[in-house]
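Good morning, colleagues. Please bring up the model on the screen, and I shall begin with its aromatic side chains.

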Amino acid sequence: MTGRTIVYLPNWLGDMVMATPFLHSLRAHLKEELWAIGKNKALQLYNGNNLFDRFIPYNDKGLVPFLDMVSLIRTLNFKNGVILPHSFRSALLFFAGNVPKRIGYARNQRGFMITLRVEEEMRPEPTVEHYLKIIDALGGTRIVETPILKITEDEDKKFDEKYM
């Protein structure tokens, strides 16, 4: 994949953790900037992993914040958008934001907004595997297959000051 890429991160903490193998693999696959959009707690969770060049916090719901975010996405001129949540809204954001290549699962009536649809199994599968199938669809290599979380030196220092 060429061009600036943005990933719409999962909203739920467990899904954020389960997405880390995919995110590490995506980071290794890309040659250009990787941005992420998601809740503030995602930034805190991923902080020590050095996965993203930039992070766009998006916590608000409602029409006006959505339209503001669409405008920002358009301005930043992303070439690729990877949509991890299965919501209609997450796909609509990249569709309305004119991201030309939108990758994800075609669930919840959003298939027309996805340009590269990841094939979905009809049987349940582990969440890590579900996300890793996206890197497979992109022609990337799976770098890791188990979740990874790291802490920053600052976080380690704060822990030591408080508990040691």
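Six aromatic pairs are present in this structure. A pair here means rings of Phe, Tyr or Trp (its six-membered ring) whose centres lie within 6.5 Å; planes under 30 degrees apart count as stacked, over 60 as edge-to-face and the rest as tilted. One of the pairs joins Tyr 8 to Tyr 58, edge-to-face, with 6.5 Å centre to centre and 80° between the planes. This pair links distant parts of the chain, 50 residues apart: Tyr 8 belongs to strand β1 (residues 5-8), while Tyr 58 sits in the loop between β3 (54-57) and α4 (63-76). Helices (H or I, at least four residues) and strands (E, at least two) are DSSP runs, numbered from the N terminus.

Are these two tyrosines, Tyr 8 and Tyr 58, buried or exposed? Tyr 8 is buried at a relative accessible area of 3%, and Tyr 58 is likewise buried, at 7%. The cut-offs are under 20% relative accessible area for buried, over 50% for exposed, and partly exposed in between, with a 1.4 Å probe and protein chains only. Another edge-to-face pair is formed by Tyr 46 and Phe 52, with ring centres 5.8 Å apart and planes at 80°. Tyr 46 is also buried, with a relative accessible area of 3%. Finally on this topic, Tyr 8, Tyr 58 and Phe 94 make up one aromatic cluster.

A word on provenance. The model is predicted, so local features need pLDDT of at least 70 and side-chain atom pairs count only at pLDDT 80 or more, whereas totals for chains, interfaces and linings use all residues. Residues are numbered from 1 along each chain as its sequence is written, and side-chain values use heavy atoms, with hydrogens and water left out.

I turn to the overall fold. The protein contains seven helices and six strands, arranged along the sequence as β-α-α-β-α-β-α-β-α-β-β-α-α. The C-alpha trace spans about 55 × 40 × 30 Å along its principal axes. Of the 164 residues, 45% are buried. Among contacts (heavy atoms within 4.5 Å) with a separation of 6 or more, 56% involve residues 24 or more positions apart.
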